[in-house]
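Have the sequence and the 3D view ready, and take your time turning the model around. We will walk through it together, one group of residues after another.

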Amino acid sequence: MASLRLFDTRYNCPTYAGLLLLGIDPQYFIPGAYIQYVKFAGKNRATKALKENRFKGNLISMLKELEYFIKYSIEYNRPEFVSVLREEPRINYPWEAIRELAMNAVMHWAYNGNNSPIKFYEYSDRIEIDNPGNLYGKVNLENFPNETDYRNPNIAEIMLNLGYVNRFGSGVNTVSTLLEENGNPPAQFLLSDYTTFKVVVENADVIESGSDGTEKTPHVIVNGTNGTITGTIRNEMMSKLWCLYK
């Protein structure tokens, strides 16, 4: 276990990575190390909560449960009338894109001294995933999403070996491609709070104009398959906004 950086022989105890991977109850030692999922009936948190779930436990069980949940509970498709003899499926979210964003949130969560969980909120018109720990290392607004750095290299290695992520820095571009192919608007990476990293994905099945309750603050929109960035950023926030994202 020590060779895998799961056990510290100097202190004769598991490392944080060991607790998160194999611990019986990692949340006892790291209270915020879970994912809080809530599905709301409307476009903001004031509406009725239709479903709530907490993904807890060690990474082996939690990631498996999370992946299964996203695949079978988030994505849905319905037939859309085209002609008398033809229908086309209409998909709200490509589950692979939501899975990629959720797995990245787990990998890049700021485990050090943070008790806030990852928030995975589904509204009637969008999904928001918000993980503690924003811009970090050599990744900044100018090179995002084409640069890669790791706040938690041991967790990244574990998730790579478990088959949930890769370490090629292609995650955001993959999400952009999947959303574009499905007809979803580009993902929005909101940077109003330098303590968190929030991404918003709009429902392709409910694209409408008007107020949607989302945060109207500085953000980055990654468009298309080439990872180009558009959007508005306040200059005074530049020194504060450091991000770790795959």
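What follows is a short tour of rings, charges, backbone angles and surface.

This is a predicted model, in which local features need pLDDT of at least 70 and side-chain atom pairs count only at pLDDT 80 or more, while totals for chains, interfaces and linings use all residues. Residues are numbered from 1 along each chain as its sequence is written, and side-chain values use heavy atoms, with hydrogens and water left out.

Let us begin with the aromatic rings. A pair of aromatic rings is described by the distance of the centres and the angle of the planes. Here, rings of Phe, Tyr and Trp (its six-membered ring) pair if their centres lie within 6.5 Å; planes under 30 degrees apart count as stacked, over 60 as edge-to-face and the rest as tilted. A search of the whole structure turns up eight aromatic pairs. In one of them, the ring centres of Tyr28 and Phe29 are 5.1 Å apart and the planes stand at 85 degrees, so this pair is edge-to-face.

Are these two residues buried or exposed? For the answer we need the cut-offs: buried means under 20% relative accessible area, exposed means over 50%, and partly exposed lies in between (1.4 Å probe, protein chains only). Tyr28 is exposed because its relative accessible area is 64%, and Phe29 also counts as exposed, at 53%.

Now look for Tyr37 and Phe120, an edge-to-face pair with 5.3 Å from centre to centre and 90 degrees between the planes. Tyr37 belongs to strand β3 (residues 35-40) and Phe120 to strand β7 (residues 118-122), so the pair ties together parts that are 83 residues apart in sequence. The names of such elements come from DSSP runs, numbered from the N terminus: helices are H or I with at least four residues, and strands are E with at least two. Tyr37 is buried, with a relative accessible area of 0%, and Phe120 is buried at 1%. Together with Phe55 and Phe69, Tyr37 and Phe120 form one aromatic cluster.

Rings can also have a charge above them. A charge sits over a ring if NZ of Lys or CZ of Arg is within 6 Å of the ring centre and within 35 degrees of the ring normal. The charged end of Lys56 sits over the ring of Tyr34, 5.8 Å from its centre. For Arg126, whose charged end sits over the ring of Tyr123, the distance to the ring centre is 4.0 Å.

Arg126 leads us on to the salt bridges. A salt bridge is a side-chain nitrogen of Lys or Arg within 4 Å of a carboxyl oxygen of Asp or Glu, and a search of the whole structure finds seven of them. What is the partner of Arg126 in a salt bridge? It is Glu128, with the closest N and O atoms 2.9 Å apart. Arg126 counts as buried because its relative accessibility is 2%, and Glu128 counts as buried at 7%. Glu128 also meets the side chain of Lys198 in a salt bridge (3.8 Å, N to O). This pair links distant parts of the chain, with Lys198 in strand β10 (residues 196-202) and Glu128 in strand β8, 70 residues apart. Salt bridges that share partners join Asp125, Arg126, Glu128 and Lys198 into one network.

Another salt bridge joins the side chains of Glu67 and Arg99 (2.6 Å, N to O). Here, too, distant parts of the chain are linked: Glu67 is in helix α3 (residues 59-74) and Arg99 in helix α4 (residues 95-108), 32 residues apart. Glu67 is partly exposed, at 23% relative accessible area, whereas Arg99 is buried, at 12%.

Next, turn to the backbone. Most residues other than glycine have a negative phi, and most peptide bonds are trans. Arg5 has a positive phi, near 65 degrees, and lies in the segment before β1 (7-8). Asn12 has a positive phi as well, near 55 degrees. Asn12 lies in the loop between β1 and β2 (13-14) and is exposed, with a relative accessible area of 62%.

Our last stop is another loop residue. Asn152 lies between β8 (126-132) and α5 (153-161), and counts as buried at 13% relative accessibility. The side chain of Asn152 reaches the backbone oxygen of Met107 at 3.0 Å.

Conventions. Polar contact = N/O pair within 3.5 Å; in protein donor to acceptor, adjacent residues only side chain to side chain.
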